[in-house]
There are 2 protein chains.
Amino acid sequence: MRDEATAFVPGHITGFFSAHPASDPTTAGSRGAGLTLTDGVEVTVEPAADDTSTVVLDGETITVEPVETVLETLEVTARVEADSEIPLGSGFGVSGALALGTVLAANHVFDRQLSRNELVTIAHGAEVQAETGLGDVVAQAHGGIPIRLEPGGPLVNKLDAIPSRARVEYVTFGELSTAEVLSADTDQLSAAGKQALSNVVEEPTLLSFMYASRSFAREAELLTETVAGVIGDVTDADGQASMAMLGESVFALGTGLSDAGYEPNVCATHPAGAFLK
Amino acid sequence: MRDEATAFVPGHITGFFSAHPASDPTTAGSRGAGLTLTDGVEVTVEPAADDTSTVVLDGETITVEPVETVLETLEVTARVEADSEIPLGSGFGVSGALALGTVLAANHVFDRQLSRNELVTIAHGAEVQAETGLGDVVAQAHGGIPIRLEPGGPLVNKLDAIPSRARVEYVTFGELSTAEVLSADTDQLSAAGKQALSNVVEEPTLLSFMYASRSFAREAELLTETVAGVIGDVTDADGQASMAMLGESVFALGTGLSDAGYEPNVCATHPAGAFLK
């Protein structure tokens, strides 16, 4: 057993998606596409001092169901300490990052000898089960600008990517509950998501990704008034912006939000998937 | 059309492999496992001044068949300029890096709008056709410590990875011809490669990868006297070393070669696959 291990997991903004439920959480998931980000979450795992696992995010003890599931699956009790550059519940994949970072670091600390695909499968299944996300974990394990062609964990899914990179700006106005959106009727959302995916597969470029994301946000009726206003401001300034799924957040390529007069967080797409530090 | 684009491709050391020929070069390939390296190749592509493509590696104009094939497939003429931190023909995947870096950068410069899987498929097929490698390209596109479970390009293959990272040392004594080894009888080699793969799948750790690589090098009868001597020296100094496939080169984890009194190149495993800079 090692003293501790630390993993970095990039943030992930989903631009559009379709939901694909299944009874097995490791085969359930989503199709779609998104941007992984240099802003992410650093997760450090060490053996727990007693028989209770704890999760501390940015200095505060919290309960994160997917992390608990991951630790139970690996049959370990651990202290998980995470520092996040991205806000929780706002469409940046923090819960996925916590699950994935925990499973990578815990496998190392407790010498569980699982393969990368096995670890990603565990984190993905835990996230789906908790209804905190459907596609963040596999995207965050991949890095870059992943296109999720087939849903599910790495043993069943199919990924491609947009071979590009970009500076990314984002602002956030509040939380949206992924579980709430996903428990509602998702037929219209999933139809819009499939159309968006087909457009991006046809032309796998950043620009077509932004177009597809905006159409999706509109057609899936997920835009809040605030978010729609900001996207409009960026468009007026000749920029490309859309809504982060699922949060009350707007992301833009290049200097889109700055040009429109906002003071955004600035990062870039992240070439690598989650890794041990 | 852009003025130019630059891609970085990590080096790749194959520890063991089995050859899987096929009439279609995009489905042919190898099973096996290896380390991608922070030492790699930077490839810059710009439109050619006239109707002739040229390739310049470390200041010298050379002919690299897979690069020519890649440019022909994209229907472009380009000047390709590459700077390599790793030696050509010595088992570090330079030819794969040149093909993969060229396809990624050329797609960007000439706005070919292909997906990442399509680009990797083109580079992989070009490399297989030229008999300069069977698995480097897909490993270099993946990053980390990839396990190639099923052969071929990204449309047909299956990858996993060892979820770890390491400092890597290497020394090189000369070239081995990949084409020559692969054109000989590969039955014994492939039997040894399959056994090695099965051991690493059973226990996907760095240590089992090094054991499997050493057994493979011995059983496939690829060890030269020099290489066998160096590996022995590292073992005597309680280190882990094996032979880079296919080159007269030795790689070691941590400080294995330094501890044995050598003056190796030093790098680390590379968390990301090839990416545009």
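Modeller: Before we look at the sheet in chain B of this predicted model, a word on pairing: two strands count as paired if DSSP finds at least two bridges between them.

Biologist: Okay, in what order do the four strands of the open sheet in chain B come?

Modeller: The order is β9-β10-β8-β11 in chain B, with antiparallel pairing, and the sheet is open. Its edge strands are β9 (241–243) and β11 (265–268) of chain B, each of which pairs on one side only.

Biologist: And by how many degrees are neighbouring strands turned against each other?

Modeller: On average by 30 degrees, with direction ignored.

Biologist: How many bridges hold for β9(B) and β10 of chain B?

Modeller: Three bridges, in the antiparallel sense, with β10 of chain B covering residues 248–253; one bridge partner there is B:A252, which faces B:A241 in the pairing.

Biologist: Which strands does helix α7 of chain B lie across?

Modeller: Helix α7 (residues 206–219) of chain B lies across β9 and β10 of chain B, running at about 45 degrees to β9(B). Helix α8 (residues 225–236) of chain B lies across β8 (167–174), β9 and β10 of that chain, and its angle to β10(B) is about 15 degrees.

Biologist: Switching to chain A, what radius of gyration does it have, and what would a compact globule have?

Modeller: Chain A has 18 Å, which agrees with the value near 19 Å that a compact globule of 277 residues would have.

Biologist: What percentage of chain A counts as buried?

Modeller: Of its 277 residues, 60% count as buried, and the secondary structure of chain A comes to nine helices and twelve strands.

Methods:
Residues numbered from 1 in each chain as written. Chains lettered and ligands numbered in written order. Predicted model: local features only at pLDDT ≥ 70, side-chain atom pairs only at ≥ 80, totals over all residues. Heavy atoms only, no water. Helix = DSSP H or I, 4+ residues; strand = E, 2+ residues; numbered from the N terminus. Axes fitted to C-alpha atoms, helices over the stretch in contact; angles between N-to-C directions. Contact = heavy atoms within 4.5 Å. Rg over C-alpha atoms; globule rule 2.2 N^0.38 Å. Buried < 20%, exposed > 50% of the residue type's maximum accessible area, 1.4 Å probe, protein only.
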